[in-house]
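Me: I have a protein model open and would like to go through it step by step. Could you help me read it?

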Amino acid sequence: MEPLQLAVCDGLPQERENRICLLKRAPISTVCALSGRGEALLKAFSPGKFDLLLIDIYMSGMTGAGTVQKIRETDERVLIAFPPPAQNTPRRVAGFWCKNT
């Protein structure tokens, strides 16, 4: 079976690492492309290249929602998930630092 082609796009390096650690424990083979910004993901993206995109909704610069909007202009089929941030990971939302509790 071919490995799943994934892209992990998160503005925080620790969050990217958390996602990779979880994926390594999965019982399926995966190949992951990592990105810290939506703009970088868009440069690496082409229709059919990835099976699944894991995108941080709260990234600085182009947000996850803005990134997905651009992706959907060229690919309506790729699966996209917005995984929740890890516990106690601060995020900047609407100009304020927020933290899950």
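Reply: One term is needed at the start: pLDDT is the predictor's confidence in each residue, on a scale from 0 to 100. The model is a predicted one, and the protein has an average pLDDT of 86. A score of at least 70 is reached by 84% of the residues.

Me: Which elements have the lowest and the highest mean pLDDT?
Reply: The lowest mean, 49, belongs to strand β6 (residues 96–99). Helix α2 (residues 38–44) has the highest, at 96. The pLDDT is below 50 over residues 93–97. That stretch has 6 contacts in the model beyond near neighbours in sequence.

Me: OK, the overall layout now. How many helices and strands are there?
Reply: The protein contains 3 helices and 6 strands. Along the sequence they follow the pattern β-α-β-α-β-α-β-β-β.

Me: And what share of the residues is buried?
Reply: Of the 101 residues in the protein, 30% are buried. The accessible surface comes to about 6500 Å², and carbon and sulfur atoms account for 57% of it.

Me: Let's take helix α1. How far does it reach?
Reply: Helix α1 covers residues 13–24, which is 12 residues. From its first C-alpha to its last it reaches 17 Å, close to the expected 16 Å.

Me: Which of its residues are buried, and which are exposed?
Reply: The buried residues of α1 are Glu 15, Arg 16, Arg 19, Ile 20 and Leu 23. They lie on the same side of α1, because they cover an arc of only 140° around the axis. Pro 13, Gln 14, Leu 22 and Lys 24 are exposed on the other side of α1.

Me: What is it in contact with?
Reply: Leaving aside neighbours within four places in sequence, Arg 16 is in contact with Val 8, Asp 10, Gly 11, Leu 34, Ser 35 and Gly 36. Arg 16 and Leu 34 are 18 residues apart in sequence, and their C-alpha atoms are 7.3 Å apart in space.

Me: Moving to α3, what covers its buried residues?
Reply: The buried residues of helix α3 (residues 64–72) are Gly 64, Gly 66, Thr 67, Val 68 and Ile 71. Their cover includes α2, β3 (52–55) and β4.

Me: Where is Ala 81, then? Is it buried or partly exposed?
Reply: Ala 81 is found in strand β4 (residues 79–81). Ala 81 counts as partly exposed because its relative accessibility is 27%.

Me: And its contacts, which residues are they?
Reply: Apart from neighbours within four places in sequence, Ala 81 is in contact with Leu 52, Leu 53, Leu 54 and Ile 55. Ala 81 and Leu 52 are 29 residues apart along the chain, with 7.6 Å between their C-alpha atoms.

Me: Last topic: how many aromatic pairs are there?
Reply: The structure holds 1 aromatic pair. Phe 45 and Phe 50 form this pair, which is stacked, with 6.3 Å from centre to centre and 20° between the planes. Both Phe 45 and Phe 50 are buried.

How values were computed:
Residues are numbered from 1 along each chain as its sequence is written. This is a predicted model: local features need pLDDT of at least 70, side-chain atom pairs count only at pLDDT 80 or more; totals for chains, interfaces and linings use all residues. Side-chain values use heavy atoms; hydrogens and water are left out. Helices (H or I, at least four residues) and strands (E, at least two) are DSSP runs, numbered from the N terminus. Contact means heavy atoms within 4.5 Å. Rings of Phe, Tyr and Trp (its six-membered ring) pair if their centres lie within 6.5 Å; planes under 30 degrees apart count as stacked, over 60 as edge-to-face and the rest as tilted. Buried means under 20% relative accessible area, exposed over 50%, partly exposed in between (1.4 Å probe, protein chains only). The expected span of a helix is 1.5 Å times one less than its number of residues. The arc is that of the directions from the helix axis to the C-beta atoms. Accessible areas come from the Shrake-Rupley method with a 1.4 Å probe; for residues, only the protein chains shown count as cover.
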